[in-house]
Amino acid sequence: MTAIDPVTLAVVQSGLSQVCNEMDLAFVRAAFSPVISEALDRSDGIYHRDDGALIAQGDLGLPVFVGTMQFGTREVIKRARGLKPGDMYIVNDPYLGGTHLMDVRFVKPFFYEGEIFAWLANTGHWPDTGGAVPGGFSANATEVEQEGLRLPPVKLFKEGVMDEEILSIILSNIRIADQRIGDIKAQAAALTVGERRFTALLDRYGKDVVEACIAELRVRAEQQMRAKIATIPDGDYHGAAYVDSDGVVDEPLKIDMRIRKQGTDLHFDMSGSSPPCRGPMNSVIATTRSSVYLAIKHIFPEVPLNAGTFAPLHIKDPDGTFLYATYPRPVSGCAAEVSQRIAEAVFAALTPALPDQLFAAPAGTSGNFALGGDDPKTGRSYVLYLISGGGYGGSEDGDGLSNGCSTIGISKTTPIEVVEQRYPVLIEQYALHEGSGGAGAHRGGFGVNYTVRIRRGAARASFVMDHGRYGPQGALGGRDGGPNKVRVQRNGQPDYVPPHLSKDQDIQVAEGDRIHVSTPGGGGFGDPLKRDPQAVLRDVMRGYYTVAEVEDLFGVAVSDGKVDEDTTAKLRAGKAAQAT
C-alpha cells in the first residue's frame, strides 16, 4: 500500500473538498430556481465506486443529504449496466435511498484512465415534480403517487448526450416544465465541473496516492468519532419527540429514541415509535438513518465527514414504524420535517450526558410553504416555494440564535427582493416572532413572522410544517419554544387556521388575500429563574418579551426601564417554592 505523509494527506483531503465545493458553486450559479440559486437547497459529493460510501461532500451541502446520497448512489450502482464516460443517471424514488420526490438526484460514474474510479452525485430541490398540488407538499396525500412523478434510476445522459425521450416524459408530468430545463442542465453541469476538477487532482498526485489518502481519511474519521463517543458515559439514554400530526389523522406521532452507549459505539433503537401513518409524514429508511448521522455530527462537528464518521453508529431498522416507510406510503414531509424530529429526539436523549456540548431543541421545521397559480400580467404559471428560519435552542454557552436555518441544512429563505421580482406577491412583513424564545437561564432564539399578500390572480397555497402543536423542547429545566402558527386572511371571510395547525393543502387565495406564518422559537436551556435579571431587562427593552411575559416566565419585575430588585426577589422565591 502506498505510504502517505501527513502533508500530502491534508492536501488531498482539502482537494477532495474543493472538488465538491466547486460542484456546489457551479450548481448554484447556473440553476434557474430560486430554491436552489438563492436558498441553496442542494448538495454535491464524491462516493466510492463499489458501495457508494461517502468520500467527500462540499462544505455548503445540506447535512441531511450526507447519508441519503450514499444510500441513493448505492442503489444506482446496483442497477447500472453498460457504463461509459459521459453517462449520467437521474432518480428521485424516495424508497431507493432518497428523501422526498422534490429532491432530484443526478449520479455520474467518474472514469479515470479508462476505469471507474468513483461516483459523483448531487441533489437539488425542484420546486415542482407534479402531484396533487403545486410544489409537491401534499399535506393530505395518502399514497406517493399523489405527491408527484417518481423516477427510478434512468440514464438521462448517454455518453454526454441528453436522452430527449426521457426528458419529454419528465417535462410532461411536472408544472412549469419550461423552467425546469435550466435546473436540469445546471445539475448536470455541476457534475461535469466535478469530473474535470477531480481529474486534475488525480493527474497531479496520481491514482494510487489519492486512493490511499481516501482509505486513510476514512480510517481516521472513524478513529476521531470513536474518541468523541468515548467521552459519553456508558449507559442507556432515552429521548422522545413528536410530530404534530400526519396531515390526515389529527393525532401526534411519537419518535421513541433509545440510545445505548457501549465503549466507542452508539446503538440507536426507534422501534417503539408510532406505526406507519396515513399522511405524508412517513420517513424512508435512508432519511431516518441520515437524520441520526446529522444529529451526531451536530454534537461532534470537529469530526471530518466521510463514511468512516458513521461506522460507530449502529441503527436498528425501525421496521413497523412510520420511520421505515415502504411503497406506497406518502413521504413528502420526511426530509424537511420528520428528519428534524429524529434529530431532536437524539438531542433530548443525550443532553443529560453532555450538558456542556448540547442544547435545547431548535425550531425544527423547514416551514415548507408552496404557492402555485397563474400571473395575469405575464400570462405564465408559477410555483413559489419558501422555506423559513426559526430559533435555535439555548445552551450552556448562551442564548439561541434567532432566525437560524433548519437542523437538516444550511438552506435559507429566498431574499424578499427575489421573491417579489419573480412572483406576483408582496412580502408585507418579515420580523422576529417576539416572545417565541423558550425561557431558560439561556433563552431560546426567536422565530420569524412573515406575511405574503397576493398581488395578482388566483393561486393555491399548501403548507407542510411542524411544531404547531408542541413547541421545541426546552432542556434541563428550560421552557419549550413558541409554536408554529399559520393563518390565512381572505377578503370578507373569517381568518382561516388549518385544522392540523401547520399542515394543509389547496387553500384557494386571490388578489389581496394574505398568508401569515409564524415560525417556532428555540427551547430554553436551564432554569428560567436563574437568568440574569439584566439580560431579561435587555430583552424587554428590545421588544423581545413584554413586561407581563418576563414576570411570568423569568420571575423578573421591570418598571420604568429598570429591574425592580425587591419585587423580582419575591417573585422568584414564590415561583421556586411552587416548583418545589
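The expected span of a helix is 1.5 Å times one less than its number of residues. Helix 6, which runs over residues 207–229 of this predicted model, can be held against that rule. Its 23 residues reach 33 Å from the first C-alpha to the last, close to the 33 Å expected. Helix 5, covering residues 177–205, has 29 residues and reaches 43 Å, close to an expected 42 Å. Just after helix 5 comes glycine 206, with a positive phi of about 90°.

In sequence, glutamate 222 is 90 residues from proline 312, yet their C-alpha atoms are 7.1 Å apart in space. Leaving out residues up to four places away in sequence, glutamate 222 touches Gly308, Thr309, Ala311 and Pro312.

Alanine 307 belongs to the loop between helix 7 (285–299) and strand 11. With a relative accessible area of 10%, alanine 307 is buried. Apart from neighbours within four places in sequence, alanine 307 is in contact with Ala53, Leu54, Gln70 and Arg218. For one of these, glutamine 70, the distance along the chain is 237 residues, while the C-alpha atoms are separated by 8.7 Å.

Such pairs can be set beside the figures for the whole chain. Among contacts with a separation of 6 or more, 73% join residues 24 or more positions apart. The chain contains 12 helices and 21 strands, and 59% of its 580 residues count as buried. How does its radius of gyration sit beside that of a compact globule? For 580 residues such a globule would have a radius of gyration near 25 Å, and the chain has 24 Å, so the two agree. Along the principal axes, the C-alpha atoms fill a box of roughly 80 × 60 × 40 Å. The accessible surface comes to about 21,600 Å², and carbon and sulfur atoms account for 49% of that surface. As for charge, there are 58 positive and 72 negative charges, and their mean positions are 1 Å apart.

Two further residues show contrasting surroundings. Serine 502 sits in the loop between strand 17 and strand 18 (503–509). Is serine 502 buried or exposed? Its relative accessibility is 0%, so serine 502 counts as buried. Beyond residues up to four places away in sequence, serine 502 touches Asp244, Phe463, Val464, Met465, Asp466, Gly468, Asn484 and Val486. Serine 502 and alanine 139 are 363 residues apart in sequence, and their C-alpha atoms are 9.4 Å apart in space. Glutamine 262, by contrast, lies in strand 9 (residues 253–262) and is partly exposed, with a relative accessible area of 46%.

Most residues other than glycine have a negative phi, and most peptide bonds are trans. Leucine 40 has a positive phi of about 65° although it is not a glycine. Its place is the loop between helix 2 (34–37) and strand 1 (42–48), and leucine 40 counts as buried because its relative accessibility is 17%, where buried means under 20%. Histidine 467 likewise is not a glycine and has a positive phi of about 65°. This histidine 467 is in the loop between strand 16 (459–464) and strand 17 (485–489), and at 1% relative accessibility histidine 467 counts as buried.

Which form does the peptide bond from tyrosine 327 to proline 328 take, cis or trans? The bond is cis, with omega near 5°. Proline 328 itself is in the loop between strand 11 (313–315) and helix 8 (334–350).

Definitions and conventions
Residues numbered from 1 in each chain as written. Predicted model: local features only at pLDDT ≥ 70, side-chain atom pairs only at ≥ 80, totals over all residues. Heavy atoms only, no water. Helix = DSSP H or I, 4+ residues; strand = E, 2+ residues; numbered from the N terminus. Buried < 20%, exposed > 50% of the residue type's maximum accessible area, 1.4 Å probe, protein only. Rg over C-alpha atoms; globule rule 2.2 N^0.38 Å. Contact = heavy atoms within 4.5 Å. Areas by Shrake-Rupley, 256 points an atom, 1.4 Å probe, with all protein chains shown as cover. Lys, Arg positive; Asp, Glu negative; His and termini not counted. Charge placed at Lys NZ, Arg CZ, Asp CG, Glu CD.
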